[in-house]
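Grab your viewer and follow along.

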Protein chains: 2
Amino acid sequence: MDNFAILFGGVSYEHEISIVSAITLKDVIKEDKIFIFCDANREFYLVDKEDMKASFFSKREYKKGEKLTLKQGGFYKKSLLKERRVEFATLINLIHGKEGEDGTISSLLDFFEVKYIGPRVEGSVISYNKEFTKLYAKSRDIEVLDYQILQKGCDRKLIFDYPVIIKPLRLGSSIGLSVARDEKEFEYALDVAYEFDNSVIIEPFFENIKEYNLAGVKSKDGYIFSFIEEPLKESILDFDKKYLDFSRSEGANRANIDQNLQKIMQKTFVSLYEGLFEGAIVRCDFFLKDDKLYLNEINPVPGSLANYLFNDFNSVIKAILLPKKRDIPIDYRYINSINAAKCK
Amino acid sequence: MDNFAILFGGVSYEHEISIVSAITLKDVIKEDKIFIFCDANREFYLVDKEDMKASFFSKREYKKGEKLTLKQGGFYKKSLLKERRVEFATLINLIHGKEGEDGTISSLLDFFEVKYIGPRVEGSVISYNKEFTKLYAKSRDIEVLDYQILQKGCDRKLIFDYPVIIKPLRLGSSIGLSVARDEKEFEYALDVAYEFDNSVIIEPFFENIKEYNLAGVKSKDGYIFSFIEEPLKESILDFDKKYLDFSRSEGANRANIDQNLQKIMQKTFVSLYEGLFEGAIVRCDFFLKDDKLYLNEINPVPGSLANYLFNDFNSVIKAILLPKKRDIPIDYRYINSINAAKCK
């Protein structure tokens, strides 16, 4: 039995970067693994390790491969007479954005009882919607930048001074994101963001804010944290470079910060993770401004699982503590009494 | 083609009341309809109208019926040579609690492109978790009662004076809910609630608070509201009577309130619904205390769809405006350039 099944592709604007992310993990994860591709029609295909190249997907060659059906207990291959389950111990949800991170894929895996690494439905919804992330962080006494939500077709009145940063409310990566320095740029940026979501979120933009990324996971022996990265400034808003980020396996810029700040970030990470992200490798992106730490965003399916931030990613992925589902007894104890009472 | 498919049962503590709810709707909905049952093993079965009786399920007779497979495009019957899709125009998600209301079922239906009435994944998560409901309501300037969250195995220190009401954080209906008037009752109530969830939510309990329920839905021609119900006091905490509530088709106690309060409730309903619950018939339960309106909870799959609150439920169910999914183009525009850049 292979140890891991990597589920990638999926219906999202990050479909292509999920493919690149999976190609990256092919070499990073040393354990036995298989690859399951979800295409634009939401059909699943088993992909050979040797076929894990960009052109295999862009040329739709995967369609000649083995189609899988997801049903109770896992993914099944059809053979002449009967179906056979594809065997693996744990699936890794590597579908970035939309259905991979909004709760859809996690619901599917939970419903069909596939054991998986990745966010569950609550953590997905809270991290995928940038307003919910802020409400959630604030409820845990974690600072976030001020924000404003605008709806497509409604008022476009800005409450902040320029410059501001405009993002679709519900997208991962930097797609549809712009910085606006005046009204003309703002109007344009809004239209760009509305291409991706009917709601946009606007925040003041601070030129010289510090950024720090910390990944981590809860294991049987407590939390495992990555080192802290200070991402290089130039890459923050550059679309293509952000894409590249999803395929990284090395080259993170280690932040030069004191132990105290590191401790605060780890503590903040735990407050956010606990009770909501069990089972997932999460990357939290922070801002530091005037010595105050702010949560920027929570990535529950970070590009190539943020492997490049861990010294020993293979041991991390094996140590993850997966949440247990609660057994719900269905024993028909009440139904006859309900019906009897109803007939009274 | 039948107009509606009613999906009921499901893995949840409310499995049995979902059956009763579906039996009730059999007579309430006049349109053509079929019934799809999700059993305790998450297998789907087509159920004949004539078999829609409690004993058919409690005696597991449904297992002799036709099994369905959910896959791209809908539910399929297996015939000797090929599969045939079960035809219907719109599915009604009538699975109460857990997987019906926590986003699982909605994700499944969205993923497999089944057109349905019911909450989408975001609305499900926000309404199913009582803390998220409060954070969400507050972000829309709607009052909620103060609350405290406790975790299983942690500190049990109460911050409120008695009496308090203790609820599992994530359950529908009144299951696991108690009022505690002293420490002994509180300790017992906590243990009861922890049977259902690792987190509990505690609020001050006000004996003589007024309760009002309002159901509604967004249609092509704007909002349709139900009349406002003032539920009878005795039924609030009574487990069996609350169960009965799910099977109601009549007998709501019309609230005797002035037009102004009705307007305020409707306005509050719209603030909560807009952008989050499109596609669902939602019942909002309010408190009125010292002339201030508080949101108690949002039920996105209310018992028998709160049909008994509408004067003409059949026209409501036909008028619901279902949200459109955004088309996400997957065109492999970037992947080759990403890979090229990566090899630089």
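Let's start with R170(B), which forms a salt bridge with E122(A), the closest N and O atoms being 2.8 Å apart. This pair crosses between chains: R170(B) sits in the loop between β11 (164-168) and β12 (178-180) of chain B, while E122(A) belongs to helix α5 (residues 121-128) of chain A. A salt bridge here is a side-chain nitrogen of Lys or Arg within 4 Å of a carboxyl oxygen of Asp or Glu. Helices (H or I, at least four residues) and strands (E, at least two) are DSSP runs, numbered from the N terminus.

Are the two partners buried or exposed? R170(B) counts as buried at 18% relative accessibility, and E122(A) is buried too, with a relative accessible area of 13%. The cut-offs are under 20% relative accessible area for buried and over 50% for exposed, with partly exposed in between (1.4 Å probe, protein chains only).

## Ground rules

This is a predicted model, where local features need pLDDT of at least 70 and side-chain atom pairs count only at pLDDT 80 or more, though totals for chains, interfaces and linings use all residues. Residues are numbered from 1 along each chain as its sequence is written, chains are lettered from A and ligands numbered from 1 in the order in which they are written, and side-chain values use heavy atoms, with hydrogens and water left out.

## The A-B interface

The size of an interface is often given as the accessible area lost when the parts come together. Chain A and chain B bury about 6100 Å² between them, and 64% of that is on carbon and sulfur atoms. Buried area means the accessible area (1.4 Å probe) that two parts lose on being put together, summed over both. The contact (heavy atoms within 4.5 Å) takes 75 residues from chain A and 74 residues from chain B.

How many salt bridges run between chain A and chain B? The count is eight. One pairing has R170(A) and E122(B), with the closest N and O atoms 2.8 Å apart.

N129(B) lies in the loop between α5 (121-128) and α6 (130-139) of chain B. N129(B) counts as buried, at 2% relative accessibility. Not counting residues up to four places away in sequence, N129(B) touches E122(A), L169(B) and R170(B).

Side chains of opposite charge can pair when their charged atoms come close. Over all chains, a search of the whole structure finds 44 salt bridges. In chain A, K292(A) pairs with E143(A), the closest N and O atoms being 3.8 Å apart. That one links distant parts of the chain, 149 residues apart: K292(A) is in strand β16 (residues 292-299) of chain A, and E143(A) is in the loop between α6 (130-139) and β9 (148-151) of chain A. K292(A) is partly exposed at 38%, and E143(A) is partly exposed at 36%.

Over in chain B, R156(B) forms a salt bridge with E187(B), with 2.5 Å between the closest N and O atoms. R156(B) lies in the loop between β10 (148-151) and β11 of chain B and E187(B) in helix α7 (residues 183-194) of chain B, so the pair ties together parts that are 31 residues apart in sequence. Relative accessible area is 26% for R156(B), which is partly exposed, and 29% for E187(B), also partly exposed.

## An enclosed helix

Helix α1 (residues 15-28) of chain B has 14 residues and reaches 20 Å from its first C-alpha to its last. That is close to the 20 Å expected at 1.5 Å a residue, where the expected span is 1.5 Å times one less than the number of residues. Why call α1(B) largely enclosed by the rest of the structure? Because 12 of its 14 residues are buried. Among them are H15(B), E16(B), I17(B) and V28(B).
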